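Subject: Structure handover and findings

Dear colleague,

Please find below the structure that I am handing over to you. I would be grateful if you could read the notes after it alongside the coordinates.

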Amino acid sequence: SRRRHTRFRNVTGVQTCALPISNDSVTPTQLRAILNLCIPNRLPVLIKGAPGVGKSDIVASAAADAGFDLLISHPVTADPTDAKGLPWKLEGADEATFLPFGDLAQAVKATKPLVWFLDDLGQASPSVQASFMQLLLARRVNGHALPDCVTFVAATNRRQEIGRAHV
């Protein structure tokens, strides 16, 4: 198989990792090595692969290797407000704000390096996926910014792909 190097940069463009990837498919060992490069450099990663190949365990191990806390969310069982916050009327005003709760509140308040792992993101409803994408792309939602210490890793299952994870 032909090997190529894919370049990853963090959002500031300062750090770059060259990762050898063969046909966009990697073994679990290669996936862990990729995560061990991306997580400390705060590079978001999307993993797709068959159910049961160990994606969640590999992410947990890589977060531990990097010394990051791990927050696991399951968007497939979530509501869009889980990634946006709950609307809350401000006392004495004709307006509302959004209050983060649950996993969103934990991520917004993070002060130590944290991997926010969105497990089975691709199986969530379109409205839930859209609410999480705002966080992934803009790193803020409804006036609440995520601290720089939060790194996203997301995983999705593709049933037709058996035995290998894709990055």
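The notes below begin with conventions and the whole chain, then turn to a pocket and to individual residues.

This is a predicted model, in which local features need pLDDT of at least 70 and side-chain atom pairs count only at pLDDT 80 or more, while totals for chains, interfaces and linings use all residues. Residues are numbered from 1 along each chain as its sequence is written, and side-chain values use heavy atoms, with hydrogens and water left out.

The chain as a whole

The protein chain has four helices and 12 strands. These elements are DSSP runs numbered from the N terminus, helices being H or I with at least four residues and strands being E with at least two. Of the 167 residues in the protein chain, 39% are buried. Here buried means under 20% relative accessible area, exposed means over 50%, and partly exposed lies in between (1.4 Å probe, protein chains only). The accessible surface of the protein chain is about 9,200 Å², and carbon and sulfur atoms hold 53% of it. Accessible areas come from the Shrake-Rupley method with a 1.4 Å probe, and for residues only the protein chains shown count as cover. Among contacts in the protein chain with a separation of 6 or more, 66% are between residues 24 or more positions apart; a contact means heavy atoms within 4.5 Å.

The second largest pocket

The second largest pocket holds about 240 Å³ of space. On a 1 Å grid over the protein atoms alone, a pocket is an open set of points where a 1.4 Å probe fits, with protein on both sides within 12 Å along at least five of seven lines, and lining residues have an atom within 4 Å of a point. Grid points are joined across faces, edges and corners, and the volume is the space filled by probe spheres set on the points.

The lining of this pocket consists of 13 residues, and those nearest its centre are Leu46, Leu121, Met133, Leu136 and Ala154. Strand S4 (45-49), helix H4 (126-138) and S11 each contribute at least two lining residues, and H4 gives the largest share, with four. By class, nine lining residues are nonpolar, three are polar and one is charged. For this count, Ala, Val, Leu, Ile, Met, Phe, Trp, Tyr, Cys and Pro are nonpolar, Asp, Glu, Lys and Arg are charged, and the others, Gly among them, are polar.

Asn157 belongs to strand S11 (residues 150-157) and is buried, at 14% relative accessible area. Its side chain makes a polar contact of 2.8 Å with the side chain of Lys55 and another, of 3.1 Å, with the side chain of Asp120. A polar contact is a pair of N or O atoms within 3.5 Å; within protein, one must be able to donate a hydrogen and the other to accept it, and residues adjacent in sequence count only if both atoms are side-chain atoms. Beyond four places in sequence, Asn157 touches Gly49, Ala50, Pro51, Lys55, Asp120 and Gln123.

Thr151 is also found in strand S11. Thr151 is buried at 1% relative accessibility, and its contacts beyond four places in sequence include Ile39, Arg42, Phe68 and Trp116.

Ser131 lies in helix H4 and is buried, with a relative accessible area of 3%. A polar atom of the Ser131 side chain lies 3.5 Å from the backbone oxygen of Pro80. Ser131 and Lys84 are 47 residues apart in sequence, yet their C-alpha atoms are 6.5 Å apart.

Residues with more specific points to check

Asp65, in helix H2 (residues 55-66), is partly exposed at 45% relative accessibility. Leaving aside neighbours within four places in sequence, Asp65 is in contact with Arg32 and Asn36.

Gly67 sits in the loop between H2 and strand S5 (69-73) and is exposed, at 54%.

Arg42 has a positive phi, near 55 degrees, in a residue other than glycine. Arg42 is in the loop between helix H1 (28-38) and S4, and is partly exposed at 33% relative accessibility. Asn142, in the loop between strand S9 (140-141) and strand S10 (144-145), likewise has a positive phi, near 45 degrees.

Yours sincerely
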